2 protein chains.
Amino acid sequence: MILEIAEIYIRPNTQPAFESAIRESVDKYISKAKGFISFELQKSIEDETRYIFLIQWETLEDHTIGFRQSEQFQYHRELISPYFAKDPFVHHFNRRF
Amino acid sequence: MILEIAEIYIRPNTQPAFESAIRESVDKYISKAKGFISFELQKSIEDETRYIFLIQWETLEDHTIGFRQSEQFQYHRELISPYFAKDPFVHHFNRRF
């Protein structure tokens, strides 16, 4: 199991629309992907334009190949990318303890 | 409940010593703090000098006042700051879903 952490900065005053869009994407696309385990949307207290996605996948390739190279990834990005203030920063993590 | 996310970059080739130090700090100091709920150490797959702490607290102030202004925070920082390549970047988050 690996953890994807995506750091997202959105355009000011688009929080409700962005949250609605990512919820729709999780329901329709992300949660349907092979290897998907769980999704959390976390919103920064200090910067109201900053969000973190915490997404657990069975394997790294379930995200980087299975989901990212799918048609569903394009639909996902079409839903949420209009709100981005800059490109997301995405890393994958192994839990050490 | 809030989530503290701390992004840490450490000096190259100090991973085992750093992981040992943060484990000691969690055992001795962080987990003993009022309002502490849970701690995860996550290590980046793409950048072996990058770590994320995911720390759940009952309230924001349990971290920012209760822990950060305590003597235990000084001991915690003495244990792990020798490994830092730069200052940690810390935000607090509310889970949206």
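Which residue stands opposite Ser38(B) in S3(B)? I found Gln56(B) there.

**Ground rules.** I am working on a predicted model, where local features need pLDDT of at least 70, side-chain atom pairs count only at pLDDT 80 or more, and totals for chains, interfaces and linings use all residues. Residues are numbered from 1 along each chain as its sequence is written, and chains are lettered from A and ligands numbered from 1 in the order in which they are written.

**Strand pairs.** I looked up S2(B) with strand S3 (residues 50–57) of chain B: they pair in the antiparallel sense over seven bridges. Strands here are DSSP E runs of at least two residues, helices are H or I runs of at least four, and both are numbered from the N terminus. Two strands pair if DSSP finds at least two bridges between them. Next I checked a pair across the chains. S4(A) and strand S2 (residues 36–44) of chain B pair over three bridges, also in the antiparallel sense. Arg95(A) stands opposite Gln42(B) in S2(B).

**Barrel.** Eight of them close into a barrel, with antiparallel pairing. The order is S1(A)-S3(A)-S2(A)-S4(B)-S1(B)-S3(B)-S2(B)-S4(A). On average, neighbouring strands of this sheet are turned by 35° against each other, direction ignored.

**Interface.** I counted 22 residues of chain A in contact with 23 residues of chain B (contact: C-beta atoms, placed from the backbone, within 7 Å). Elements giving two or more residues to the chain A side are strands S1 (2–9), S2 (36–44), S3 (50–57) and S4 (89–95), and helix H1 (15–28). By class, that side has nine nonpolar, five polar and eight charged residues. Nonpolar covers Ala, Val, Leu, Ile, Met, Phe, Trp, Tyr, Cys and Pro; charged covers Asp, Glu, Lys and Arg; the others, Gly among them, are polar.

**Symmetry.** I noted that a rotation of 180° with 0.0 Å of shift along its axis superposes chain A on chain B, RMSD 0.0 Å (least squares on C-alpha atoms of residues with pLDDT of at least 70 in both). The two copies are thus related as by a two-fold rotation axis. The copies meet through the same surface, because 100% of the interface residues of chain A are also interface residues in chain B.

**Helix pair.** Last, I looked at H1(A) and helix H3 (residues 71–80) of chain A. Their axes come within 9 Å and cross at roughly 165° (lines fitted to C-alpha atoms over the stretch in contact, angles from 0 to 180 degrees between N-to-C directions). H1(A) and H3(A) are therefore roughly antiparallel (angles over 145 degrees). From H1(A), the contact uses Phe18(A), Ala21(A), Ile22(A), Glu24(A) and Ser25(A). H3(A) brings His76(A), Leu79(A) and Ile80(A).

Note on methods. Contact = placed C-beta atoms within 7 Å. Parallel < 35°, antiparallel > 145°, perpendicular 65-115°, else oblique.
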